[in-house]
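User: I'm new to this one. Could you walk me through it in plain words?

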Amino acid sequence: MYASGKYSSRGPALIPRMKTKHRIYYITLFSVVLFGLIATGMFQFWPHSIESTADWTVDKRSVHDAPLMRLQVSSPIPERGDLSCRMHTCFDVYRCGYNPKNRIKVYIYPLQRFVDELGVPISSTGLSREYNDLLSAISDSDFYTDDVNRACLFVPSTDVLNQNSLRIRETAQALAMLPRWNKGMNHLLFNMLPGGPPDYNTALDVPRDRALLAGGGFSTWTYRQGYDVSIPVYSPLSADVELPERQPGPRRYFILSSQTAIHREYRAELERLKEENGEALLLLDKCSNLSHGAASARKRCYKGQVYDYPQILQESSFCVVLRGARLGQAALSDVLQAGCVPVILADSYILPFSEVLDWKRASVVIPEEKLSEMYTILKSIPHRQVEEMQRQARWFWEAYFSSMKAIGLTTLQIINDRIYPYAAQTYEQWNNPTVVKWSSVNSPLFLPLIPPRAPGFTAVVLTYDRVDSLFRVITEISKVPSLAKLLVVWNNQNKSPPEESLWPKVGVPLKVVRTKENKLSNRFFPYDEIETEAVLAIDDDIIMLTSDELQFGYEYFNYLYTYKMPGDIKNWVDAHMNCEDIAMNFLVANITGKAPIKVTPRKKFKCPECTAIDGLSLDQTHMVERSECINKFASVFGTMPLKVVEHRADPVLYKDDFPEKLKSFPNIGSL
């Protein structure tokens, strides 16, 4: 009751007066803070330049909405492509910089419509569906960036896939007008149909300065190894026709030829082969009784009988891919999609993505002059190998040929691997279908961005009981300047190593590892004591090498033997106590695809202290087994990876008549 005299319905009388007094102050303060936050956010996310706002988004892909750019007659023209360009001369790798994902960043220029002074476009087709799909795939990938200042690689939005639709001079002028062109440095052009009548050059005729070219018809004369990227000629049938995967195995036809624009001399030779081999070879041509159009493009005929194309390709084990006016043919993509092994007859043709793809596993390449011998050559291939090639051909298409997205992203990955080689995809990742890949182990064979834990190399010496010879090897190896550590693998479980005081005094750490079993494979085990990336594996009887020869010739090996050896090769080596060096050469040659490098002159193996009792190589059966193991290893690998090489690397001034003190490696060649 007393409260009714002191309080109104709004509460105490003093409180409303205090709220009224400060309300305006609090509202003003809140408004200032809110406005500051909004302004900061707008400044942070608002584009700061026209160039960096050119994001390749869906609403900016319409050519009709693109700004019009008029070319003057006097506009600069780039120089023709520099055939001497390589990644270290014409590409600025420092633009790519370091990033934790080891991935290049790609910037796509905004769409523009280029016309000459009279208003005539530089291209008769504008932006093709294929090029639009390519740019869309890049913009949706992890490679893409809309920040031009972060870009490592620049892709013009000007479509040069088909040279037939281009005005050469005006297209070159349009490229030179790009704001970051800089003589084509770090720019990538995609072209699938190069050249034009009558000569049909094998590379894009548009002057392009130092730009990289992803081309679909390179020859050995125009391809810049390690700089350009050879790409396939995309087949529109890949998007329009779906061919279900067919199981590898024998097909109705042995050889099939389906190309329609074959040179008359090649067709005459194919017809002769058809006469000799009958139904085993199906020779198709265009259908003369059908009207031209999309429907006729999907038909092939033989003596009035009509076949559906490309479906008919699945009925043959081998499919011929002959060169036409251009080296690159879309038929190659159709053949791969059908799971038919392509028989490629196109001299000097650089096969698509051959920098990373092993085409020996998916195709047969025959010189054009041996077309008459094609049937005999193909008949010599074992059935099991044909099945593997059929499977590999189909997988190549699925992974790298099936769409413009696959072609574009594969191209960028190849360039990415060049710039970040320590994070590059391995041979197995490029060439092995997922279902048949070896169990992967991350190989430490890479070059990190930071210095390695220890420079130089570790010498791993396998020994059993030849102490005197072992000490001579250690003494000689210790003279090599690049030696970081000596690791002795003691393979004798019945005898202890010599006492520490008896070992040679060397200037690097020397560690002795005792093994649990006497196995030759122990020399290639990845011991924890190995702290360098370079490893020299050597036996205790290799006493003829000098320190200069070792310094000049040591190579990089690590972890391959232990984790990458297929089949039962390791067990075979350990059981026979032989051929571990041959097994290692098989493995390295199979993974790298490269031949060994012979360094320094040939020498005869000499070990005066060795006897038949303690020397494995002196046993009369030793060399016989080494011949057997080569056949054994080849059967396990399914091929012969070893390569013949006629090359020897000698240091500068090796045999020149100069004072020894002027030579970096004077002690080479002596026995």
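**Rings, sheets and a helix**

Analyst: Ring pairs link Phe353, Trp359, Trp395, Phe396, Tyr400, Phe401 and Trp430 into a cluster. Rings of Phe, Tyr and Trp (its six-membered ring) pair if their centres lie within 6.5 Å; planes under 30 degrees apart count as stacked, over 60 as edge-to-face and the rest as tilted. This is a predicted model, where local features need pLDDT of at least 70, side-chain atom pairs count only at pLDDT 80 or more, and totals for chains, interfaces and linings use all residues. Residues are numbered from 1 along each chain as its sequence is written, and side-chain values use heavy atoms, leaving out hydrogens and water.

User: How are the rings of Trp359 and Phe396 arranged: stacked, tilted or edge-to-face?

Analyst: A search of the whole structure turns up 20 aromatic pairs. For Trp359 and Phe396, the ring centres are 5.3 Å apart and the planes stand at 75°, so the pair is edge-to-face.

User: How many residues apart are Trp359 and Phe396?

Analyst: Trp359 belongs to the loop between β13 and β14, while Phe396 is in helix α11.

User: Is Phe396 buried or exposed?

Analyst: Buried means under 20% relative accessible area, exposed over 50%, partly exposed in between (1.4 Å probe, protein chains only). Phe396 has a relative accessible area of 0%, so Phe396 is buried.

User: Which strands stand at the edges of the sheet of 5 strands?

Analyst: This open sheet runs in the order β9-β8-β12-β13-β14, with parallel pairing. Two strands pair if DSSP finds at least two bridges between them. Two of the strands each have a single partner, so one side of each lacks a neighbour in the sheet: β9 (281-283) and β14 (364-365).

User: What angle does helix α7 make with β9?

Analyst: Helix α7 (residues 264-277) lies across β8, β9 and β12 (316-322); contact here means heavy atoms within 4.5 Å. Axes are lines fitted to C-alpha atoms, for helices over the stretch in contact, and angles run from 0 to 180 degrees between N-to-C directions. Against β9, helix α7 runs at about 145°.

User: Which ring does the charged end of Arg300 sit over?

Analyst: A charge sits over a ring if NZ of Lys or CZ of Arg is within 6 Å of the ring centre and within 35 degrees of the ring normal. The charged end of Arg300 is 4.0 Å from the centre of the ring of Tyr309.

Conventions. Helices (H or I, at least four residues) and strands (E, at least two) are DSSP runs, numbered from the N terminus.
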